[in-house]
Amino acid sequence: MTDKQQMTPPAPDNDERDRPLTLAVLRQLVRHDWRALPGTTLVVLSRDTEGNGYSPFATYSNARYAPTYSDEVSEVYPLPEELEQDEELRELYADGIPDSAVPALVLYPLG
């Protein structure tokens, strides 16, 4: 491995930790902080905040996010256009979607 391949991304500043990650911050990390990482770098997600298990990032979706239990444990809901196109989804969410639901990029682990 070259030195470039062994580089790890810098740790976030203390005031950037333990806050929800927005797409703007993710873009900043990819474009600037992590730009020297090789394209073959594996993206891995932790199962929980304590690091009890890890899995490769596998897929994503665009959805809506609404805090229902706490700011850290919540639910995601389909987008309006998905509901329009899918009768089963409309039936599944017949009780409605919380007004607090906001657009979100949802990342799913492989395992």
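Colleagues, the structure is a predicted model, in which local features need pLDDT of at least 70, side-chain atom pairs count only at pLDDT 80 or more, and totals for chains, interfaces and linings use all residues. Residues are numbered from 1 along each chain as its sequence is written, and side-chain values use heavy atoms, with hydrogens and water left out.

I begin with the overall architecture. The chain contains four helices and four strands; these are DSSP runs numbered from the N terminus, with helices (H or I) of at least four residues and strands (E) of at least two. Along the sequence, their order is α-α-β-β-β-α-α-β. Of the 111 residues, 13% count as buried, where buried means under 20% relative accessible area, exposed over 50%, and partly exposed in between, for a 1.4 Å probe and protein chains only. Among contacts with a separation of 6 or more, 49% are made by residues 24 or more positions apart; a contact means heavy atoms within 4.5 Å.

I turn next to the surface. The accessible surface of the chain is about 9,200 Å², and carbon and sulfur atoms contribute 52% of it. Accessible areas come from the Shrake-Rupley method with a 1.4 Å probe, and for residues only the protein chains shown count as cover. A nonpolar surface patch is formed by Leu23, Tyr60, Leu105 and Leu107, with about 380 Å² of accessible area together. Like charges are joined within 9 Å, and nonpolar side chains (Val, Leu, Ile, Met, Phe, Trp, Tyr) within 5 Å. One member, Leu107, lies in strand 4, residues 102–109. Leu107 is classed as partly exposed because its relative accessible area is 39%.

Val43 sits in the loop between helix 2 (23–33) and strand 1 (44–46), and is partly exposed at 46% relative accessible area. Beyond four places in sequence, Val43 touches Pro56 and Phe57. The C-alpha atoms of Val43 and Pro56 are 5.9 Å apart, although 13 residues separate the two along the chain. Ser55, in strand 2, is buried, with a relative accessible area of 7%. Leaving aside neighbours within four places, Ser55 contacts Val44, Leu45, Pro109, Leu110 and Gly111.

Ser74 belongs to the loop between strand 2 (54–66) and strand 3 (75–77). With a relative accessible area of 19%, Ser74 counts as buried. Its side chain makes a polar contact of 2.9 Å with the side chain of Tyr65. Such a contact is a pair of N or O atoms within 3.5 Å; within protein, one must be able to donate a hydrogen and the other to accept it, and residues adjacent in sequence count only if both atoms are side-chain atoms.

Finally, how many aromatic pairs does a search of the whole structure find? The search finds one. Tyr77 and Tyr93 form this edge-to-face pair, at 5.8 Å centre to centre with 70° between the planes. Rings of Phe, Tyr and Trp (its six-membered ring) pair if their centres lie within 6.5 Å; planes under 30 degrees apart count as stacked, over 60 as edge-to-face and the rest as tilted. The pair links distant parts of the chain, 16 residues apart: Tyr77 is in strand 3, and Tyr93 in the loop between helix 4 (87–92) and strand 4. Tyr77 is buried at 11% relative accessible area, whereas Tyr93 is partly exposed at 24%.

Terms used
Patches are made of residues with over 30% relative accessible area and no salt bridge: like charges are joined within 9 Å, nonpolar side chains (Val, Leu, Ile, Met, Phe, Trp, Tyr) within 5 Å. A salt bridge is a side-chain nitrogen of Lys or Arg within 4 Å of a carboxyl oxygen of Asp or Glu.
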